Amino acid sequence: MRFHSLPGSKRYPQDESEYAILLERHNTVLDELFAGTDVYVITPRWSSEAEPPPAQLTPDYWRTLLVADDPDPEFRTYCHLFAARRPWRRGCVDPLLRDIADDKVAGVLITDTALRRVHHPYDGGADVFLPTPDERDRTRARHTDWLSRHPSGL
């Protein structure tokens, strides 16, 4: 399901009061999904190189995926994934959520360590994937004002 970060499906926050609403919405859903557990915060970095730059080889480096194969190496695209495990605490990803809201970072996934619940924030909201239809429906019912009014739910 898709939740919008701001009232009226507004995409980008313009002041601190709107950032406060955005962070409150994200953290409310994240608390419901992950309170009392560890999470993985998975962050992609894109490049045309098969190996991440040495400066990016941190303990959080997980793996590299070939996203677009091409006979010409200049046109190959790789996604380097970084997965940081941390205990979930409300507000622990606020700086990252602000960067996502400002379209400075994209493709982030926040998931439980079993990869059963996924929160994918983007500039404008978050897509949430849950393991059962019942859990999805309960979560949706708690936050109906945050859902898209579009018939497709997007």
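This is a predicted model: local features need pLDDT of at least 70, side-chain atom pairs count only at pLDDT 80 or more; totals for chains, interfaces and linings use all residues.
Residues are numbered from 1 along each chain as its sequence is written; local features need pLDDT of at least 70 and side-chain atom pairs count only at pLDDT 80 or more, whereas totals for chains, interfaces and linings use all residues. Side-chain values use heavy atoms, with hydrogens and water left out.

The protein comprises three helices and seven strands, where helices (H or I, at least four residues) and strands (E, at least two) are DSSP runs numbered from the N terminus. Followed along the sequence, these elements come in the pattern β-α-β-β-β-α-β-β-β-α. The C-alpha trace spans about 50 × 30 × 30 Å along its principal axes. Of the 154 residues, 37% count as buried, a term that stands for under 20% relative accessible area, with exposed meaning over 50% and partly exposed the range in between (1.4 Å probe, protein chains only). Taking a contact as heavy atoms within 4.5 Å, residues 24 or more positions apart account for 63% of the contacts with a separation of 6 or more.

In soluble globular proteins, nonpolar side chains tend to be buried together. A nonpolar core is here a set of buried Ala, Val, Leu, Ile, Met, Phe, Trp, Tyr and Cys residues joined through side-chain atoms within 4.5 Å. The largest such core has 22 residues, of which F3, L30, F34, V93, I110 and V128 touch the most other members. Two or more residues of this core come from each of α1 (16-34), β2 and α2 (94-101), and the largest share, six residues, comes from α1. V128, when its neighbours within four places in sequence are left aside, is in contact with M1, F3, V29, L33, V118 and H119.

Helix α2 has its buried residues at D94, L97, I100 and A101. These residues lie on the same side of α2, because they cover an arc of only 115° around the axis, the arc being that of the directions from the helix axis to the C-beta atoms. The buried residues of α2 pack against α1 and β6 (118-122). After α2 comes D103, whose phi is positive, near 60°.

Turning to the strands, two of them pair if DSSP finds at least two bridges between them. Strands β2 and β4 pair in the antiparallel sense over ten bridges, and within β4 the bridge partner of S47 is Y78. Strand β3 (residues 61-68) also runs antiparallel to β4, to which six bridges join it; L65 stands opposite C79 in β4.

R2 counts as partly exposed because its relative accessibility is 22%, whereas D127, at 14%, counts as buried. In another, R85 and D38 meet at 3.1 Å, N to O; here too the pair links distant parts of the chain, R85 lying in strand β4 (residues 77-87) and D38 in strand β2 (residues 38-47), 47 residues apart. D38 is partly exposed, with a relative accessible area of 28%.

A salt bridge within a helix joins R140 and D137, whose side chains meet at 3.5 Å, N to O. Being three residues apart in helix α3 (residues 133-142), R140 and D137 are separated by about one helical turn. R140 is partly exposed at 31% relative accessible area, and D137 is partly exposed at 34%. E24, D31 and R90, in turn, are linked in a network of salt bridges.

The segment after α3 contains H143, which counts as buried because its relative accessibility is 6%. The side chains of H143 and E32 are joined by a polar contact of 2.8 Å, a polar contact being a pair of N or O atoms within 3.5 Å, of which, within protein, one must be able to donate a hydrogen and the other to accept it, while residues adjacent in sequence count only if both atoms are side-chain atoms. Not counting residues up to four places away in sequence, H143 touches F3, T28, V29 and E32.

Definitions and conventions. A salt bridge is a side-chain nitrogen of Lys or Arg within 4 Å of a carboxyl oxygen of Asp or Glu.
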